[in-house]
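Work through the exercises below with the model open beside you. Try each task before reading its solution.

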Amino acid sequence: MTSAPRAVFAYGAALLLGAALALWVFPLDVLFPRAGFDWRPVGDTAQHIVAQRYLLAEPWRWPPTLALTLNTQEGGVNTVFADVIPLLTLALKTIRGVLPPGFHGVGLFGGLAWLLQPVAAVWALRGAGETRLLPAIGVALAAASMPAFIGRFGHAALTGHFVLLVALGFYLRLVVRPNAALWAAAILAQVATLLIHPYLAAMSLALLGAVPLTRLLRGNSFLASGVAVGVALVAMVGVMAGFGYLGAAGDGGYGQFAMNLLSPVWPAGSGLIGWPWSPQLDATGHGGWEGYNWLGFGLLAALLVGVLARPGVAFAGMRAHAGLVLALFALTLLAVSHKVGFGDRLILDLGQAPGFLEQFRSSGRFFWPVAYGLLIGGFVLLARISPALCLVAGLLQFADAAPLRRAIADWAAARPPWTVDAPALRDAFAGAQTLTLLPSWPCVDAARDGDTLTRLLEVLALASERAVPVSTMYVARWRNPPVCRDATLASAPLAPGEVRLILPLAQPSLAPLVPDAVARCGQVGDVTLCR
């Protein structure tokens with residue numbers, strides 16, 4: 001079979017696999033949602049849905065991710081800090097006139113990520129020079145079954161692991177035959193990755209940065225590649241500046257959500273041995289989810305068999321890609337952080353981390369490109385022994401990930417009921433010009449009042465169906481520290497068209513402050529509604 005038909009069959013098989021998995025995992029009402037459901041979104045997903053709906057409803061302005069109708073007491077929200085996935089949301093905004101009321105792209109992006117994950121794996125494997133069909137099918141199965149990929153459900157933007165495989169594919173091509181057209185495509189992909197999530201962009205930039213480093217260590221010309229990486233960095237920073245990413249801060253905490261040293265080989269969620277997915281390894285006291293990086297039995301088997309059977313090829317490959325090895329080692333150090341955990345023990349604490357690292361609170365994520373580098377390397381080695389072994393390893397990985405696939409399918413199919421009176425609030429919001437929601441986000445102690453935060457997101461989700469201008473919103477980062485001004489908001493006269501909601505936690509302190517409360521306020525379930 002010639003190269004072109006092999007490529008068609010390889011990519012076609014991967015695309016069919018991705019489509020089948022996406023449709024199996026995500027119900028159609030998750031992929032293509034609308035307003036009026038009798039169930040509520042939960043957790044981070046609810047935050048992302050709210051932000052996307054408001055951004056879709058906003059007039060076009062600069063920066064294009066600014067939503068002035070969200071968190072009106074602070075002058076609006078730049079939705080990049082609510083993981084709005086600008087690349088998809090702004091594309092959807094161009095066709096918002098044909099979208100159903102209440103549509104958002106959170107579930108759609110999850111489906112696209114599952115569709116593209118195996119396709120991107122084939123792209124990366126072919127970049128390494130392996131173009132046969134069985135290795136392609138095997139790596140597609142394995143990539144779609146990477147535990148860290150599947151385990152990101154609930155955080156839509158970060159399911160976009162396919163961009164890491166795309167960047168790895170660019171590295172493998174550019175390090176051999178760099179040219180202007182390929183670099184231009186890589187730079188565009190880098191900007192697109194930023195507009196999915198900055199964490200993913202930092203990882204993919206490290207992979208592109210390995211191109212000039214590898215060429216330097218090989219004794220090849222590297223200056224042009226170094227300039228191209230610089231252009232990618234400048235382009236990324238320019239987009240960050242234009243879209244308003246720069247100058248914001250969050251809670252910090254680098255090292256709290258690091259990767260445990262045992263995590264890549266700790267079989268949490270393994271279907272082959274029945275090991276439970278939760279709890280993950282944790283030596284820092286902050287939970288191990290962000291550092292969850294079990295590689296899977298299929299990938300570990302591919303690495304073990306490949307290295308033992310072809311040690312010379314393995315070490316020659318590492319020497320040939322020394323820049324990539326160094327980049328992945330640096331990412332591993334960043335993932336492990338200065339607080340090194342081994343099982344449930346903290347075995348090394350290097351003290352205060354440099355301030356710039358505080359931007360990377362969830363450092364355990366930085367092992368993801370390492371895992372994909374091992375995936376492609378392992379399957380290249382295995383293919384040297386027998387293409388059929390790649391298929392076996394892919395099926396092994398696929399079987400090992402069965403409990404994780406069931407878990408995400410169960411999560412996507414869950415239909416938790418509203419805990420507020422959704423029909424009554426929808427009726428109230430139908431005629432509202434503004435919504436003042438109390439308590440505001442910065443007035444709630446997240447550690448003590450998690451139920452109130454959940455209720456806030458519920459009400460915001462209902463309001464977002466019509467994008468009613470609302471006074472508060474949760475974001476992960478901010479330019480100015482949020483201030484609690486609920487007493488001022490509660491005591492202000494009710495404006496024409498305003499609906500003011502007070503959740504149970506704040507009712508004793510804030511409800512009496514509402515002017516003419518006896519005449520203007522009533523109860524909707526356990527929520528006080530004034531208008």
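**Exercise 1. Disulfides**

What is the torsion about the S-S bond of Cys521 and Cys530, and is the disulfide right-handed or left-handed?

Solution. Start with the source. This is a predicted model, in which local features need pLDDT of at least 70 and side-chain atom pairs count only at pLDDT 80 or more, while totals for chains, interfaces and linings use all residues. Residues are numbered from 1 along each chain as its sequence is written, and side-chain values use heavy atoms, with hydrogens and water left out.

Step 1. Find the bond. A disulfide (a pair of cysteine sulfur atoms within 2.5 Å) joins Cys521 to Cys530, with an S to S distance of 2.0 Å.

Step 2. Read the torsion. The torsion about the S-S bond of Cys521 and Cys530 is about 105°, so the disulfide is right-handed.

Step 3. Check the burial of each end. Buried means under 20% relative accessible area, exposed over 50%, and partly exposed in between (1.4 Å probe, protein chains only). Cys521 is partly exposed at 22%. Cys530 is buried at 0%.

Step 4. Count and pair. The structure has 2 disulfides. With the bonded cysteines numbered in sequence order, the pairing is 1-2, 3-4.

**Exercise 2. The Cys443 bridge**

Which parts of the chain does the pair of Cys443 and Cys484 tie together?

Solution. Step 1. Confirm the bond: the sulfur atoms of Cys443 and Cys484 are 2.0 Å apart. The torsion about their S-S bond is about 110°, so this disulfide is right-handed.

Step 1. Helices (H or I, at least four residues) and strands (E, at least two) are DSSP runs, numbered from the N terminus. Cys443 lies in the loop between strand S5 (434-438) and H19, and Cys484 in the loop between H19 and helix H20 (486-491), so the pair ties together parts that are 41 residues apart in sequence.

Step 2. Cys443 is partly exposed, with a relative accessible area of 25%. Cys484 is also partly exposed, at 47%.

**Exercise 3. Salt bridges**

How many salt bridges does a search of the whole structure find?

Solution. Step 1. Apply the rule: a side-chain nitrogen of Lys or Arg within 4 Å of a carboxyl oxygen of Asp or Glu. The search finds 10 salt bridges.

Step 1. Arg455 and Asp526 meet at 2.6 Å, N to O. Arg455 is in helix H19 (residues 450-464), and Asp526 is in the loop between strand S7 (521-524) and strand S8 (527-530), 71 residues apart. Arg455 is buried at 8%. Asp526 is partly exposed at 35%.

Step 2. Look at two other pairs. Glu130 and Arg132 meet at 2.9 Å, N to O. Glu130 is buried at 10% relative accessibility, and Arg132 is partly exposed at 35%. In the pair of Arg500 and Glu498, the closest N and O atoms are 2.9 Å apart. Both Arg500 and Glu498 are buried.

Step 3. Find the network. Salt bridges link Arg152, Glu290 and Arg365.

**Exercise 4. Nonpolar cores**

Which residues have the most contacts inside the largest nonpolar core?

Solution. Step 1. Define the set. A nonpolar core is a set of buried Ala, Val, Leu, Ile, Met, Phe, Trp, Tyr and Cys residues joined through side-chain atoms within 4.5 Å.

Step 1. Name the centre of contacts. The largest core has 103 residues, and Trp114, Ile376 and Phe379 have the most contacts inside it. Helix H5 (residues 106-127) gives the largest share, 11 residues.

Step 2. Note the other core. Apart from the largest one lies a core of 56 residues, including Ala67, Tyr245, Leu435 and Leu437.

Step 3. Inspect Ile376. Contact means heavy atoms within 4.5 Å. Leaving out residues up to four places away in sequence, Ile376 touches Ala121, Ala124, Leu125, Ala128, Val139, Leu165, Leu168 and Leu172.

**Exercise 5. Val84**

Is Val84 buried or exposed?

Solution. Step 1. Locate Val84 in the loop between strand S2 (77-78) and helix H4 (86-93).

Step 1. Read its accessibility: Val84 is buried, at 0%.

Step 2. List its contacts. Neighbours within four places in sequence aside, Val84 is in contact with Ala51, Gln52, Leu55, Thr79 and Thr89.
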